[in-house]
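Reader: Please take me through this model. I want the terms set against their definitions.

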Amino acid sequence: MESPLANWMPAKRWRWRTMKPWGVCFHTSGRGIVERAKRQGVAPGALALKWYRARARSGVHYLIDHNGTIFQMLGDDRRGAHVGISRTERRAYLSGNWEIQIAGRLTAAPAMAWRRRWPDHASPQHLFPTRSPNGCYIGVEMIPLATADVGANGLWFTEAQHIAAGALARDLSIRHGWPLGWENSPRMIGHEDIDAFARWDKRGGWDPGAMRDGPRFDWGRVLSSIAMGRAG
């Protein structure tokens, strides 16, 4: 299953998924890729593609470059290992102890911010229908800007990336038959939404960084892109 919006760059290893894609999860690629590309004098997108295509255990389906170009490495009908949640963390989510544990590590702010975003859900583990988020989500990596290139708005991603993220999410929703209102539900999330243990620091979520006092990623821009796609 290939997206008409993407450039097909198949990964070297993969396995079939057992469940039809249920939602999409956005990620921040490591800043190390951007800095290494700058040192080597190559495009960050080229280096990121090489990295993700070769990875056997952390496969993602799509990669969005700074200029909004979308690359696809895994078919939607194949499972990517783009989210890792330990058994200990899963038990904490399911038991309800996760908020206490996170408050002990990071202060209470992360749990409070998560509650504001997802008031009708018990924990990050309750956002999706499968045991592992890898079983139901399409994984999308976005290459962050270099530190020196971050503008006054503090966003780590370009306008073109936000537009492409919305267009890709809408394309997935159409091809896989997601229900009305999918974009305002857990069918579209960031990694930080489903892993508050590993994807948060004392200032908030960092993957991709929407739930922070100073956001690095803007869901509003993604939603606007989805709306524009409908209007078009």
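Author: Start with proline 208, which lies in the loop between β10 (204-205) and α8. Helices (H or I, at least four residues) and strands (E, at least two) are DSSP runs, numbered from the N terminus. The model is predicted: local features need pLDDT of at least 70, side-chain atom pairs count only at pLDDT 80 or more, and totals for chains, interfaces and linings use all residues. Residues are numbered from 1 along each chain as its sequence is written, and side-chain values use heavy atoms, without hydrogens and water.

Reader: Which residues does the cis peptide bond join, and what is omega?

Author: The cis bond links aspartate 207 to proline 208, with omega at about 10°.

Reader: What makes the contact between α1 and α2?

Author: Ile33, Arg36, Ala37 and Gln40 of α1 touch Pro44, Leu47, Ala48, Trp51 and Tyr52 of α2, with contact meaning heavy atoms within 4.5 Å. These residues divide into 7 nonpolar, 1 polar and 1 charged. Asp, Glu, Lys and Arg count as charged, Ala, Val, Leu, Ile, Met, Phe, Trp, Tyr, Cys and Pro as nonpolar, and the others, Gly among them, as polar.

Reader: Why are α6 and α8 oblique to each other?

Author: Helix α6 (residues 159-176) and helix α8 (residues 219-231) pack at about 55°, with axes 7 Å apart. The two are therefore oblique to each other.

Reader: Which residues of α6 and α8 meet?

Author: From α6 come Glu159, His162, Ile163, Ala165, Gly166, Ala167, Ala169 and Arg170; from α8, Arg221, Val222, Ser225, Ile226, Gly229 and Arg230.

Reader: What lines the largest pocket, and which helix gives the most?

Author: Helix α5 (residues 109-117) gives the most, with 6 residues. The whole lining divides into 6 nonpolar, 1 polar and 6 charged. The volume of the largest pocket is about 240 Å³. Of its 13 lining residues, Ala113, Arg116, Met211, Arg212 and Asp213 are the closest to the centre.

Reader: How is a pocket defined?

Author: On a 1 Å grid over the protein atoms alone, a pocket is an open set of points where a 1.4 Å probe fits, with protein on both sides within 12 Å along at least five of seven lines; lining residues have an atom within 4 Å of a point. The volume is the space filled by probe spheres set on the points, which are joined across faces, edges and corners.

Conventions. Axes fitted to C-alpha atoms, helices over the stretch in contact; angles between N-to-C directions. Parallel < 35°, antiparallel > 145°, perpendicular 65-115°, else oblique.
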